[in-house]
Amino acid sequence: MQRAVKKLHIETYGCQMNVADSEVVASILSPYYKITDSLRDADLVLLNTCSVRDHAEQRIRKRLHELASLKKKNKSLVIGLLGCMAERIKEQLLEEEKVLNFIAGPDAYRSLPKLIEEADSEIISFNVHLSDVETYDDIEPVRYNSNGVSAYISIMRGCNNYCTYCVVPYTRGRERSRDSKTIFDEAELLFEKGYKEVTLLGQNVNSYCWKSGDTKIDFADLTELIAQISPLLRVRFATSHPKDISDKLLYVMAKYPNICKYIHLPVQSGSNKMLKRMNRVYTREYYLERIKKIKKILPECAISTDIIVGFCGETEQDHQDTLSLMREVDYEYAFMFKYSVREGTKAAEKFENDIPEELKIKRLEEIIALQQHLSLESNKRDVGKTFEVLIEGVSKRSDRHFFGRNSQNKVCVFPKMNCKIGEYLTVEITKCTAGTLISEL
Ligand code: 5AD
Ligand code: SF4
């Protein structure tokens, strides 16, 4: 491919993994393209997509129709679709969405220069090959959208869990861990460049495992290694599967103040019957035992979760079990979803999607209302406490205020004073809402 500096516009949908992937894509294309925020300036537009819920895919289809009208005005514009949706719908997408020049699945980003070159010659091309080994571990991501303070580091790819509702194992392939040395080097380099927080990312970080000669590095070992880079570098991670969250990790978290006291532990449902149907391989009782252990070893730790309502066969009692589990855990935060059928998954093939839409909406509203209450109560308990926050940027509501997060991942807003973005500051909380801690001092 010729080295001419053209302009690239990337839009990223879905999870944090996709944000990290877009940074890898920006790096692979950096010899040929400069990133632009402006869609109108772009020679190449890439949509990095998500298939996890139907809603996400609908939004992306809508965006493609908007891009089609832009392409009518600018015939030389090249448009590519990346990520999970490319993997899930493959050639069918090229047929349906005539606006696309090429598609590339999550393991095909190294072939992007070639795909783009072929697109220039008007051949519609695609690469959706899934790999058992690709981790992009030698690529230094380009942090094109960064605040210069916090960065994501992808430590593994894929998922082997096959929860029955989930399309991820089919779109992102088998689970594979990245070489720990390259993860360490990437974190160290970020710290040298002035970053103060890294988030280690994977679909299931607790099953991270890297073998080198006789040594085996698991997720707790990796987290400890990264925490030792500097006490001034915060370490976060996501996402943890309840089946794999080990006591060893909890003790490592307790040992290092710079490992943030926040765990995202998706439960999905509070009912054993639903958990079994979802193939989550744990029970309500096991999950609650893990929560008890977290609270014992890390009394300051905040816990958040993912919940699906309206999964196949969910009765009122199953729904009540979810509500009671939410109360029992007393989550700081939750991401809550209505079940949507994903083609190709076990649930789509074996179970009937039998909960009417109105009932799904009603149950979703009930869990959202409960979580809103739990979040507000949790924040009220923080009023009067002091926290160390890492300053991330200017508050969206007021340019006289900064925002940052405390170790528990709660957003704090406070007056700018003489501080700078990227510094640590200790603030006393004076007020709160369900979503924000406020310091007036
Ligand atoms: N329907 C609704 N929510 C889903 N999730 C995954 N698949 C589905 C689906 N088919 C949710 C789960 C998961 C989060 C990333 O998305 O809660 O943890
Ligand atoms: Fe999907 Fe389950 Fe894997 Fe999460 S752990 S990505 S919900 S299959």
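Is His9 buried or exposed? In this predicted model, His9 is buried, because its relative accessible area is 9% and the cut-off for a buried residue is under 20%.

**His9 and its surroundings**

- His9 belongs to strand β1, which covers residues 6-12.
- The side chain of His9 forms a polar contact with the side chain of Glu11, at 3.3 Å.
- When neighbours within four places in sequence are left aside, His9 is in contact with Thr36, Asp37, Ser38 and Leu39, and also with Ala42, Leu44, Val45 and Leu46.

**The parallel sheet**

- An open sheet is built from 3 strands in the order β7-β10-β13, and their pairing is parallel.
- The edge strands are β7 (150-154) and β13 (234-238), each of which pairs on one side only.
- On average, neighbouring strands of this sheet are turned by 25° against each other, direction ignored.
- Strand β10 (residues 197-201) pairs with β7 in the parallel sense, over 5 bridges.
- Within this pairing, Val198 in β10 is the bridge partner of Ala151.

**Helices packed on the sheet**

- Helix α1 (residues 16-28) packs on the sheet and touches β7, β10 and β13.
- The direction of α1 makes about 90° with that of β7.
- Helix α6 (residues 180-192) also packs on the sheet, where it touches β7 and β10.
- The direction of α6 makes about 170° with that of β7.

**Helix α11**

- Helix α11 consists of 14 residues (residues 316-329), so at 1.5 Å a residue it should span 20 Å.
- The buried residues of α11 are Asp318, His319, Thr322, Leu323, Leu325, Met326 and Val329.
- Asp330 follows α11 and has a positive phi, near 65°.

Conventions: Residues are numbered from 1 along each chain as its sequence is written. Chains are lettered from A and ligands numbered from 1 in the order in which they are written. This is a predicted model: local features need pLDDT of at least 70, side-chain atom pairs count only at pLDDT 80 or more; totals for chains, interfaces and linings use all residues. Side-chain values use heavy atoms; hydrogens and water are left out. Two strands pair if DSSP finds at least two bridges between them. Helices (H or I, at least four residues) and strands (E, at least two) are DSSP runs, numbered from the N terminus. Axes are lines fitted to C-alpha atoms, for helices over the stretch in contact, and angles run from 0 to 180 degrees between N-to-C directions. Contact means heavy atoms within 4.5 Å. The expected span of a helix is 1.5 Å times one less than its number of residues. Buried means under 20% relative accessible area, exposed over 50%, partly exposed in between (1.4 Å probe, protein chains only). A polar contact is a pair of N or O atoms within 3.5 Å; within protein, one must be able to donate a hydrogen and the other to accept it, and residues adjacent in sequence count only if both atoms are side-chain atoms.
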